[in-house]
Amino acid sequence: MSRESLLVFVKFGSVFVAVLLVMIVANSLVGRAHGGAEPPWETFNPTAADVHEGRQIMERNGCLSCHTVDGFGGQIGPRLNGSAQRKTKEDLFLWIKSPIDVKPGTRMPQYNLPDESILKIIGYLETKDTLQVQP
Ligand code: HEC
């Protein structure tokens, strides 16, 4: 390799390295901004359709075999009217996501529901803050 082509090689080589560095730094900054984003239960704003789906997800998963809502359901778990008042959204989310992580030995099963479904359930429970006898 001639001295000249070696110089060109070194020059472009360092430009390449600089571009790589900028990309790495930019990427980590974006990652940090993303990591600091608000948790999903803070930003989720349930629509009427979400609330309706939340109720359906609960019916499909048998939540009501243990829990009572509006006077109907099982007695193994607590009545869910008012649960959105007793617990914060964060507590509800973490609980429904993984009950055994919150309370080892609890009788409530692990469902591994997607976050989106949990948020819809919470949206539904928020509409059940007070005991209503009507379904
Ligand atoms: C086998 C019975 C059972 C099923 C099925 C069940 N749970 Fe539970 N759940 C419990 C029990 C028991 C508790 C009380 C926690 C404890 O002390 O262990 C509870 C607690 C809760 C709480 C907290 C209530 C509060 O006010 O403290 C929520 C919310 C909840 N369950 C939602 C759900 C949802 C949503 C489903 C369906 C996806 C579900 N549960 C299915 C038994 C059940």
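The views below show a predicted model.

**View 1. Helices H5 and H7 cross at roughly 130 degrees.** The axes of the two helices come within 10 Å. Their angle places H5 and H7 oblique to each other, and the crossing is right-handed. On the H5 side, the contact is made by Lys 89, Leu 92, Phe 93, Ile 96 and Lys 97. These residues meet Ile 118, Ile 121, Ile 122 and Leu 125 of H7. Sorted by class, the contact of H5 with H7 holds seven nonpolar and two charged residues, with no polar ones.

**View 2. Helices H3 and H7 cross at roughly 105 degrees.** H3 covers residues 48-60 and H7 covers residues 115-126, and their axes come within 7 Å. At this angle H3 is roughly perpendicular to H7. H3 contributes Asp 50, Val 51, Glu 53, Gly 54, Arg 55, Ile 57 and Met 58 to the contact. Facing them in H7 are Ser 117, Lys 120, Ile 121, Gly 123 and Tyr 124. The contact of H3 with H7 is made up of five nonpolar, three polar and four charged residues.

View 3. H3 has 13 residues. From its first C-alpha to its last, H3 reaches 19 Å, close to the 18 Å expected at 1.5 Å a residue.

**View 4. The ligand is surrounded by 24 residues.** The closest of them are Cys 63, Cys 66, Gly 77, Ser 83 and Thr 106. Two elements give two or more residues to this shell, namely helix H4 (83-86) and helix H5 (89-97). H5 gives the most, with three residues. By class, the shell around the ligand divides into 13 nonpolar, seven polar and four charged residues.

Technical notes:
Residues are numbered from 1 along each chain as its sequence is written. This is a predicted model: local features need pLDDT of at least 70, side-chain atom pairs count only at pLDDT 80 or more; totals for chains, interfaces and linings use all residues. A residue is near a molecule or strand if its C-beta atom, placed from the backbone, lies within 6 Å of it. Helices (H or I, at least four residues) and strands (E, at least two) are DSSP runs, numbered from the N terminus. Ala, Val, Leu, Ile, Met, Phe, Trp, Tyr, Cys and Pro count as nonpolar, Asp, Glu, Lys and Arg as charged, and the others, Gly among them, as polar. Axes are lines fitted to C-alpha atoms, for helices over the stretch in contact, and angles run from 0 to 180 degrees between N-to-C directions. Angles under 35 degrees count as roughly parallel, over 145 as roughly antiparallel, 65 to 115 as roughly perpendicular and the rest as oblique. Two residues are in contact if their C-beta atoms, placed from the backbone, lie within 7 Å. The expected span of a helix is 1.5 Å times one less than its number of residues. A crossing is left-handed if the near helix is turned anticlockwise from the far one by less than a right angle, and right-handed if clockwise.
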